[in-house]
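Below is a guided reading of one protein model, taken a few features at a time. Keep the sequence and the 3D view side by side while reading.

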Amino acid sequence: MRHFTRSIVWSGFVLASTAPFSSAAPFYGDPPDETHPWAIHDDNRPQPARVEPGTFSSQEKPGQPPSDAVVLFDGTADSLKNWASDKSPDQPTKWVVVDGTFQCVPGSGYTRTKAEWGDCQLHVEWSAPSKVEGNSQGRGNSGIFPMGKVEVQVLDNYNNPTYADGFAGSVYGVNPPMANPLQAPGAWQVYDIVFRRPLFKDGTMLDSGYLTVFVNGVLVQDHTPIEGGGGHMRRSYDKAFPDKGPLQLQDHGNPVRYRNIWYRPLPARAIEGGDVSHMSPEATKAKRESLAASLRADAARQQGSMKMLKLMESLVYASDAAALAGSTKMSAAFFASVKDLSADKLEAQKDEIRRVWSALRYCSSKKILAAALPEEALLGDLIEKAGWNEKKH
Ligand code: MG
């Protein structure tokens with residue numbers, strides 16, 4: 001409440017810091033904290049990578065994968081080079097390409113990718129034989145195993161009950177799907193899967209691993225804990241997975257067909273050092289110091305008020321005695337350089353003066369500075385006298 005009077009004075013005005021959605025607008029949203037290295041609406045935060053979106057599939061035609069997808073099967077015989085026999089990974093897959101689909105040859109064994117990876121967004125389309133044979137687990141059974149470790153069930157459950165934790169879209173032996181949105185056998189069914197592997201460190205579980213699954217666009221697994229990967233008849237328990245493994249497709253004795261198989265690797269979680277919203281205090285501190293160092297280096301290349309503003313911006317991320325002393329000194333010099341200007345020269349520096357004042361005000365109100373610098377009030381008076389305040393609408 002140090003500036004109670006001033007805050008009343010200013011409360012009726014739109015401040016420079018409210019310039020919304022402008023580019024390069026530091027001193028704007030709430031500053032970083034112990035577990036968030038960036039400020040709210042921080043322009044120093046990296047832009048999302050551009051990905052050209054794909055297209056949705058129809059029954060007649062598979063869609064296009066997004067531009068950064070790793071394509072595992074695109075309907076061509078050439079795609080077979082991505083696959084191997086699961087039992088003998090140095091041998092080619094015994095599954096076959098039929099009419100642009102990747103078909104299980106019953107009795108040939110599981111197939112697996114030659115590539116290995118870990119966390120991913122995975123897209124798979126499959127179709128059960130249109131000639132209905134068998135029931136329960138015996139009808140159109142196959143399976144999708146991220147890393148070869150946990151089965152997302154593939155099964156023709158269209159008018160075909162079975163045990164719930166073995167249903168199409170189940171994490172097999174762990175959790176049933178929340179719904180049964182399957183189409184009739186012979187139709188293409190679309191699975192979109194988000195897979196996060198379990199994470200352990202020194203024998204302690206950091207993250208149980210999760211599966212999120214959409215079947216034909218319907219959410220059936222919502223961040224379901226993997227619980228060790230499940231299995232047939234036996235309860236499984238949390239356990240570590242390796243960093244990467246192949247994608248397996250199951251031969252369960254039915255000629256299930258697949259098409260349009262691709263994945264996108266996912267970035268690291270915060271718990272393994274990823275740059276996501278909520279980070280560990282240690283990782284946050286390191287990131288803030290790195291951002292501050294980069295801004296100080298930028299300041300060294302700048303002149304005048306921009307140099308001061310970059311130094312002050314660095315203080316938003318990490319304290320630094322030299323940066324504080326430098327920006328304090330430059331703040332005084334800046335005010336000295338503008339305080340006696342003629343009205344027209346002052347007008348020419350209107351935006352710069354407002355920018356500096358706004359930064360000073362931000363740094364005191366957000367406790368970036370232990371105490372407000374005198375130039376905050378001095379520049380505030382100057383702005384008021386110049387009539388540069390804008391009334392709120
Ligand atoms: Mg299966």
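At what angle do helix α4 and helix α7 pack? The model is a predicted one, and in it α4, residues 321–338, packs against α7, residues 374–386, at an angle of about 25 degrees. The axes of these two helices are 10 Å apart. Angles under 35 degrees count as roughly parallel, so α4 is roughly parallel to α7. The crossing in which α4 passes α7 is left-handed. On the α4 side, the contact is made by Ser331, Ala332, Phe334 and Phe335. On the α7 side, Glu375, Leu378 and Leu379 take part. Sorted by class, the residues of this contact of α4 with α7 are five nonpolar, one polar and one charged.

A second pair of helices can be read in the same way. Helix α3 covers residues 304–317 and helix α6 covers residues 350–365. They pack at an angle of about 20 degrees, and their axes are 11 Å apart. With the cut-off for roughly parallel at under 35 degrees, α3 is therefore roughly parallel to α6. Here too the crossing is described as left-handed, with α3 passing α6. From α3, the residues that make the contact are Ser305, Leu309, Met312 and Leu315. From α6, they are Glu352, Arg355, Val356, Ala359 and Cys363. The contact of α3 with α6 has six nonpolar residues, one polar residue and two charged residues.

Next, turn to the nonpolar cores. Which residues touch the most other members of the largest nonpolar core? They are Tyr191 and Leu211, in a core of 42 residues. The elements that contribute two or more residues to this core are the strands β2 (70–73), β7 (120–127), β8 (142–145), β9 (152–154), β10 (189–196), β13 (210–215) and β16 (257–265). Leaving aside residues up to four places away in sequence, Leu211 touches Val150, Val152, Val171, Ile193, Phe195, Gln221, Thr224 and Ile226. Another core, of 27 residues, lies apart from the largest one. Among its residues are Phe27, Met312, Tyr317 and Leu360.

Ser136 is not a glycine, yet its phi is positive, near 45 degrees. Ser136 sits in the loop between β7 and β8. Asn260 is not a glycine either, and its phi is also positive, about 50 degrees. Asn260 belongs to strand β16. Are these residues buried or exposed? Ser136 has 13 other C-beta atoms within 10 Å, so it is partly exposed. Asn260 has 25 other C-beta atoms within 10 Å, and a residue counts as buried at 20 or more, so Asn260 is buried.

The last stop is His278, in the loop between β16 and α2 (281–300). His278 has 9 C-beta neighbours inside 10 Å, and 12 or fewer counts as exposed, so His278 is exposed. Not counting residues up to four places away in sequence, His278 touches Thr35, His36 and Ala270. How far apart in space are His278 and Arg234? Their C-alpha atoms are 36 Å apart, while in sequence the two are 44 residues apart.

Conventions. Residues are numbered from 1 along each chain as its sequence is written. This is a predicted model: local features need pLDDT of at least 70, side-chain atom pairs count only at pLDDT 80 or more; totals for chains, interfaces and linings use all residues. Axes are lines fitted to C-alpha atoms, for helices over the stretch in contact, and angles run from 0 to 180 degrees between N-to-C directions. Helices (H or I, at least four residues) and strands (E, at least two) are DSSP runs, numbered from the N terminus. Angles under 35 degrees count as roughly parallel, over 145 as roughly antiparallel, 65 to 115 as roughly perpendicular and the rest as oblique. A crossing is left-handed if the near helix is turned anticlockwise from the far one by less than a right angle, and right-handed if clockwise. Two residues are in contact if their C-beta atoms, placed from the backbone, lie within 7 Å. Ala, Val, Leu, Ile, Met, Phe, Trp, Tyr, Cys and Pro count as nonpolar, Asp, Glu, Lys and Arg as charged, and the others, Gly among them, as polar. A nonpolar core is a set of buried Ala, Val, Leu, Ile, Met, Phe, Trp, Tyr and Cys residues joined through C-beta atoms within 7 Å.
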